[in-house]
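Dear colleague,

Please find below the structure that I am handing over to you. My notes on it follow directly after.

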Amino acid sequence: MNLSQLKEILEAEVICGLEKLECVEIHTAFSADLMSDVLAFARSGCLLITGLTTSQTVRTAFALDIAAILVCRGKEPQAQAVEIARELGIPLLRTEHIMFETCGILYREGLRGCICDVQAGDKPCVE
Amino acid sequence: MSSEDAFGGSYTVRGRDFIDAGLVSSQIKKLLKDRGIPEDVVRKVAVVTFEAEVNIISYAEIGTINFYVDHKAVTIEAMDKGQGIPNIDLALQEGYSTADDTIRDMGFGAGMGLPNIKKFSDEFEIVSIVGKGTTLKSVIRTVDK
């Protein structure tokens, strides 16, 4: 799905990256509030679902070439995080859904984990 | 890449400067990307420098992150003046942490920093003296062995 579809499905608000909604395609996701875990396990091109609203979320996404950030639980990303996301060209969205609901809805719509489990490594998630 | 094309950089990281945590990592990443270093290598360097930067900010007074790129690898050195690590074996265990709430509020401090640096490095060395500081070296190869 593209970010525009994701926005509709989750009734999300686009904080920055409006111009990229149609062109950024998302197939996989990783969700965590711990950025060290994101750095360890997330993969390039995935969607990052998090409740962490600091600039480190954006810098972590940039380090890994993550396609977009979705802040859940209705949290507001900090002003500096928004500024850095704009500067680095990373789309930033927010939704009122809690993380579990966000992940469940996106899974139902076809998104899969960027890795299946930590032992499987880069093996893609297929059923 | 020939030896004439080798390049590098050096960055100062200030302790407790939590606001800018990750800035040096972003800057190094942009530089390597612009110089055409393979994307997977750039991502590994970004992770290693990010965690090293967070460690300096969290536990040291001041530190330096150097990187050097030659035809075989990217070498990263992170040196700091600070409290040092009493037990490196323990610090390398996933989940072992002495972090405070400020560090945890940034999404770090869960005992994954050094294990992550080791995981993304092809070669990894760390030396620490309690009360003086820590030096770590990470080598990420740009070509296969």
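B:Phe124 has B:Ser138 as its bridge partner in S5(B). S4(B) and strand S5 (residues 133–141) of chain B pair in the antiparallel sense, over seven bridges; two strands count as paired if DSSP finds at least two bridges between them. Helices (H or I, at least four residues) and strands (E, at least two) are DSSP runs, numbered from the N terminus.

This is a predicted model, in which local features need pLDDT of at least 70 and side-chain atom pairs count only at pLDDT 80 or more, while totals for chains, interfaces and linings use all residues. Residues are numbered from 1 along each chain as its sequence is written, and chains are lettered from A and ligands numbered from 1 in the order in which they are written.

Chain B holds an open sheet of five strands in the order S1-S2-S3-S5-S4, with antiparallel pairing. Its edge strands, each pairing on one side only, are strand S1 (7–14) and strand S4 (123–129) of chain B.

Turning to the contact between the chains, 20 residues come from chain A and 20 residues from chain B; residues are in contact if their C-beta atoms, placed from the backbone, lie within 7 Å. On the side of chain A that touches chain B, helix H2 (35–41) and helix H3 (55–63) of chain A each supply at least two residues. H3(A) gives the most to that side, with seven residues.

Yours sincerely

Conventions:
Two residues are in contact if their C-beta atoms, placed from the backbone, lie within 7 Å.
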